[in-house]
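Q: Hi! Could you walk me through the aromatic rings here?
A: Happy to, let's have a look.

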Amino acid sequence: MDKYIFEIIVVGGGASGMMAAGRAGECGAKVILLEKGNRLGRKLLISGKGRCNLTNTGELAEFLSHFGKTKDFLRNAFSRFFNQDLKEFFENRGLKLKVERGGRIFPETDRASSVVEILTDYLIENGVKILFNSRVKEVLIKDKTVQGVKLYNGKVFSAKRVIVATGGKSYAWTGSSGDGYEIARELGHRVTKLSPALVPLITRENFVKELQGLSLKNVRASVMEGGKPIVSEFGEMLFTHFGLSGPIILSLSGDIVDLLEEHKEIVISIDLKPALNKEQLQERIIRDVKTMGRKIFKNYLKELLPVRLIPIVLRILMHPCEKKINQLSRLERERLIELLKNFRLTVIGTRSWEEAMVTRGGVSVKEINPQTMESKLIKGLF
């Protein structure tokens with residue numbers, strides 16, 4: 001059996017694995033990076049629609065607020081290497097960056113491949129050995145201490161430190177199919193329930209097919225439970241042939257995945273006019289009645305809604321569409337306002353792992369040292 005000796009073995013050639021291996025090499029360690037596919041950074045290449053949203057300009061507290069119950073686990077890591085450090089890392093290596101709406105940071109080239117090229121050069125310049133088509137079967141341990149790894153082809157690599165950076169289950173075709181979870185389980189680690197997150201949602205309402213491709217900007221989407229909003233997001237969403245997608249829907253999807261375990265369906269309420277409360281909307285419509293009262297109702301809706309949404313709204317309201325707006329009853333106005341502020345859709349499921357951007361759940365952080373990312377169960381496993 002072939003045996004190769006290194007100081008550090010990194011399993012997985014994605015963003016995490018490349019950064020870890022490059023930094024370890026920079027610190028003088030003899031490092032090998034094992035990648036089961038035939039190229040590095042495959043998931044990076046498709047991130048940000050092929051443009052790679054590297055990081056965000058947000059403050060530490062804002063970042064942490066997006067990580068739910070595990071936010072405190074990340075505090076130490078973020079305090080040591082955060083968004084400004086990441087920016088400097090790439091800019092110092094010649095990659096110019098730009099800030100877009102919402103504080104999102106992209107390479108000026110608009111090419112994710114520019115990021116992969118920088119990280120690949122980082123590995124090479126720091127002497128990291130890269131081995132492709134090398135799928136790890138198991139991490140070898142003795143007396144609860146790392147000894148190395150064994151590949152499916154029988155090769156054994158010895159090292160006192162192994163960094164498992166295999167990624168989640170989403171976009172499995174990129175090579176990230178959840179191998180690391182199985183490795184962690186075999187070593188005694190608890191793996192919490194895995195579910196797709198940042199994933200599009202399937203709705204019960206068939207009218208979404210008529211709205212496919214319609215993007216709504218500056219709206220607020222709220223997840224409802226017991227008739228009350230429990231979490232909401234403001235921004236842009238998208239109708240698809242199966243339901244809903246877009247930034248704010250993807251952000252809410254993690255909470256919805258959890259709720260769907262308890263309920264068969266979840267209601268999402270879309271506030272189409274979040275800048276106005278119901279009273280202000282009422283005042284606006286009354287003003288419009290005075291200035292354009294003879295306008296036909298269905299034509300008047302163009303003042304309030306995207307054209308493609310109007311037939312759906314008319315169907316839901318069941319108003320006589322040829323009625324003039326000065327002929328609307330108080331009840332009809334109130335129903336219109338309620339719909340503008342509370343356009344409801346029923347979520348009955350999510351799309352598959354292949355469409356999920358990230359994995360929710362994983363190795364229990366209670367069994368990992370947040371200062372070093374080392375396993376509390378196995379010495380030398382990170």
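A: A charge sits over a ring if NZ of Lys or CZ of Arg is within 6 Å of the ring centre and within 35 degrees of the ring normal. This is a predicted model, where local features need pLDDT of at least 70, side-chain atom pairs count only at pLDDT 80 or more, and totals for chains, interfaces and linings use all residues. Residues are numbered from 1 along each chain as its sequence is written, and side-chain values use heavy atoms, with hydrogens and water left out.

Q: OK, what sits over the ring of Phe106?
A: The charged end of Arg51, 3.9 Å from the ring centre. Arg93 lies over the face of Phe89, at 4.0 Å from the ring centre.

Q: Switching topic, how many aromatic pairs are there?
A: The whole structure has 9. Rings of Phe, Tyr and Trp (its six-membered ring) pair if their centres lie within 6.5 Å; planes under 30 degrees apart count as stacked, over 60 as edge-to-face and the rest as tilted.

Q: Why is the pair of Phe6 and Phe157 tilted?
A: Because the planes are at 40°, with the centres 6.4 Å apart.

Q: Is Phe157 buried or exposed?
A: Phe157 is buried at 2% relative accessibility, and Phe6 is buried too, at 12%. Buried means under 20% relative accessible area, exposed over 50%, partly exposed in between (1.4 Å probe, protein chains only).

Q: And what about Phe63 and Phe78?
A: Their planes are at 80° and their centres 5.8 Å apart, so that pair is edge-to-face.

Q: Which residues form a cluster?
A: Ring pairs join Phe63, Phe67, Phe78 and Phe82 into one.
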